[in-house]
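Here is a friendly note to read with the structure open beside you. Take the points in order, and look up each residue as you go.

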Amino acid sequence: MSDETAPALLLTHGRIIDPASGRDETGGILIENGVIRDVGPHLDHLKPMNGVTVRHCAGAVIAPGLVDMRVFVGEPGEEHRETFRTAGLAAAAGGITTMICQPQTLPPLDDAPSIDFVKRRAKDRCIVRVHPMAALTKGCAGGEMTEIGLLKEVGAVAYTDGARAVTNAQVIRRALTYGRMFDALIVQHCEDPDLVGEGVMNEGEFAARLGLPGAPDLAETVILERDMRLLAASGGRYHAALISCSASLDVLRKAKEAGLNVTAGVSINHLTFNENDVGQYRTFFKLAPPLRTEDERLALVEALASGLIDVIVSDHNPQDVETKRLTFAEAANGAAGLETMLSAGLRLVEAGHLTLPRLIEAMTLAPSRILHLPSGTLSVGAPADVIVFDPEEPWVCDPAEMRGRSKNTPFDEARMAGRVKATIVGGRTVFGG
Amino acid sequence: MGYAVFETARYMGKTGAAVKRALGLGSFCLYPIIFDMSINQPSSYVFPHKHLLGIEGLSRPDIEALLELADEEVILSRQVEKKKTSLRGRTQINLFFEPSTRTQASFELAGKRLGADVMNMSVANSSAKKGETLIDTAMTLNAMRPDLIIVRHHAAGAVQLLSRKVDCSVINAGDGAHEHPTQALLDALTIKRAKGRIEGLVVAICGDIMHSRVARSNMICLAALGARVRLVGPTTLMPAGIERFGFEIFHDMREGIRDADIIMMLRLQRERMHGSFVPSTKEYFRYFGLDDEKLALAKPDALVMHPGPMNRGIEISTDVADGAQSLIREQVEMGVAVRMAVLEALARRLPNG
């Protein structure tokens, strides 16, 4: 995707935050032939050059483009929810330069041709980079392992059954063991379907008051704890896609201390909302795993700050209005998130829970390292995936203005602070300018 | 006074002197006082809500005003001429997404006694099966310009959702495991008339607390009126977080109903059984079914209630259900009165009302 035809671009006088080098200083960045040529304070004093577009970024932050490790796109099969084109537009507006799309499509991405299709389709239609995760089991049905080696050859970056947990311990054990040969990353959705049962929101007092069946956090921890035992026995690489409760954090901490090759993500929704946001049955806050209590939210934020949780994802799950305009129990899970992830994350910085560099790291370098991608850094020679954002610009989230095809945002009408001014993918400006 | 004598006589005739003592005549002597108050001072209270979606959100004066109004409706319902005109010209739609006999009949009678045109719609076997959503149904009905819609739905929050899409007043006739406000009001009215008061009474709500909207509405309503509420049921049929509601919780029925004034039994939702919550109805009856032996642990003048329909031999024995201490038939009568009161209170707020 590197655009060698785009004119050279010099961004100056911005606050450069690059977690890979620990850089956090005012300066500039020079982009040429789709890669980063130079970075540093000295670029602010560069004399104008022929063929180089200069952009003053005073008051703004210059950071690596965001890498969103969990995005549901409706292609193939559910184009009414989201296409690569619309997802790309939304991602670019949200500062996301790489989307990792999930394999739970119709049909699921469980063989080489389907991964190949997605890669081609994304290349043709999507203005940001797309890397697919492949299904971990055939048909995402939880039974037979997919062709991990062949899928990797055509570009799968990890293996998961998307929003469905692989409950069969033997399947996880084999996948971890077999995956070792390919350095495969096994991504698990930690939610035991039996323990979730009919549960549609966090089990506890609030669910009881609303008369809604509860889904206990135990459903998550039971799977994670079991999987850690399997990981210890089998070796391999494991990533817990979404952590939502403090009990899971204890399990994760122990596993990391024991030296297991495990990483974890958290959705921006679980960092910014709690179960009370469901209010009077607001279906845009119906998620899987469900939003938990405020104590749990704070524990997640703290775990993210300390690095126990590695990655923030948007968990972008576009749902068309008809699947949300239902009673709470019947409504679909999921929230659109590409366009609001960064702004929502800045709320945590504003609240003093998180430093800006750590926020950026969790959305850029951390996922890139886990997925072995070259992005997520402003190092010289790295692909020029760069964003410029004003960390304070106020705006109101208006679903009508959103670029994604589905408007199911929990930030509906919310006041946000911080907005992307420019998104550059491989040297080419795809948003702002 | 004539009524009180009749009522007491009926109890005496059926059960003899022991029960007369047990029930305490004093409580029945309050009836005429309530009559007089309501007849002489027609309530000028204006109900401050457009809809009745739940007991949650009602204040104690709201509840008491409805009960007072309902007392008047009881008088009306006992006359030969049972008609009023307060809803004349109004259209009432009973929209039931879940089968119901008694609640629907009760609302229908209530509306007709107040002079409304009542239409019954059982959606369980029409549009819903054709894929029409709740909101579509609401919009369709709204276009027919009803004044009051009574809704029962199998999903919690459904009535709230519907109320946001229509212009008329909406009454919740039961939404999933959430609320069933008119049931709680009729239960409160029944208790108040039988005991003369609610404040300070020990009320044990027993059985499947988890799946029961009747329990939800009743615990809020009774607590608001000053009763001491106990929740009694098997551990697996208590929702998580219930301990934070602030009520006493018992898993031993004998302890739970000891010295209670009112025992409110809940229907065991057998369709939800299948060995997953309790092993069998036989075992359930053994530990949580109300029979004479367990009832003897409550106060001698304790009264037994059940929202119906009953599973005889599962949560309640036939002896108790039909016995002298049972208020179950009174509940049904109060149901019509309370629903009339609710319809009337909401109708007063309707445009041109």
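**Notes on a two-chain model**

1. Let us begin with a pair of strands in chain A. Strand β11 (residues 185-188) and strand β14 (residues 237-240) run parallel to each other and are joined by 4 bridges. Within this pairing, Ile186(A) sits opposite Tyr238(A) of β14(A). Please keep in mind throughout that this is a predicted model.

2. Strand β11(A) has another parallel neighbour, strand β10 (residues 159-160) of chain A, and 2 bridges hold the two together. Here Tyr159(A) has Ile186(A) as its bridge partner. To get from β10(A) to β11(A), the chain passes through helix α4 (residues 169-179), making a right-handed β-α-β crossover. Is β11(A) covered on its faces, or open? Both faces are covered: Leu185(A) and Val187(A) are buried on one side, and Ile186(A) and Gln188(A) are buried on the other.

3. β6(A) runs parallel to β7(A), with 4 bridges between them, and Val71(A) is partnered by Cys101(A) in β7(A).

4. Next, the nonpolar cores. The largest one has 97 residues, and those touching the most other members include Tyr159(A), Tyr238(A) and Phe389(A).

5. Most residues other than glycine have a negative phi, and most peptide bonds are trans. The bond between Glu75(A) and Pro76(A) is cis, with omega about -5 degrees, and Pro76(A) belongs to the loop between β6 and α1. Another cis bond runs from Leu106(A) to Pro107(A), where Pro107(A) is in the loop between β7 and α2.

6. Positive phi values turn up too. His372(A), which is not a glycine, has a phi of about 60 degrees. His372(A) lies in the loop between α14 (365-371) and β17 (386-396), and is partly exposed at 49% relative accessibility. Glu413(A) has a positive phi near 70 degrees; this residue is in the loop between β17 and β18 and counts as exposed because its relative accessibility is 53%, while the cut-off for exposed is over 50%.

7. Now see where the chains meet. In the interface, 16 residues of chain A contact 22 residues of chain B. The two chains bury about 1600 Å² between them, with carbon and sulfur atoms giving 57% of that area. How many salt bridges cross this interface? The rule finds 1. Arg244(B) and Glu205(A) form a salt bridge, with N to O at 3.2 Å, and a network of salt bridges links Glu205(A), Arg209(A) and Arg244(B).

8. Chain B has 15 helices and 9 strands, and 58% of its 353 residues count as buried. Several salt bridges can be followed here. Asp71(B) and Arg193(B) pair with their closest N and O atoms 2.5 Å apart. This pair links helix α5 (residues 60-77) with helix α9 (residues 181-195), across 122 residues of sequence. Both Asp71(B) and Arg193(B) are buried.

9. Compare that with Glu344(B) and Lys84(B), whose salt bridge has its closest N and O atoms 2.9 Å apart. Glu344(B) is in helix α15 (residues 328-347) and Lys84(B) is in the loop between α5 and β1, 260 residues apart. Are these two residues buried or exposed? Glu344(B) is buried at 7% relative accessibility, whereas Lys84(B) is partly exposed at 25%.

Terms used:
Residues are numbered from 1 along each chain as its sequence is written. Chains are lettered from A and ligands numbered from 1 in the order in which they are written. This is a predicted model: local features need pLDDT of at least 70, side-chain atom pairs count only at pLDDT 80 or more; totals for chains, interfaces and linings use all residues. Side-chain values use heavy atoms; hydrogens and water are left out. Buried means under 20% relative accessible area, exposed over 50%, partly exposed in between (1.4 Å probe, protein chains only). Two strands pair if DSSP finds at least two bridges between them. A crossover is right-handed if, with the strands pointing away from the viewer, the path from the first strand over the helix to the second runs clockwise. A nonpolar core is a set of buried Ala, Val, Leu, Ile, Met, Phe, Trp, Tyr and Cys residues joined through side-chain atoms within 4.5 Å. Contact means heavy atoms within 4.5 Å. Buried area is the accessible area (1.4 Å probe) that two parts lose on being put together, summed over both. A salt bridge is a side-chain nitrogen of Lys or Arg within 4 Å of a carboxyl oxygen of Asp or Glu.
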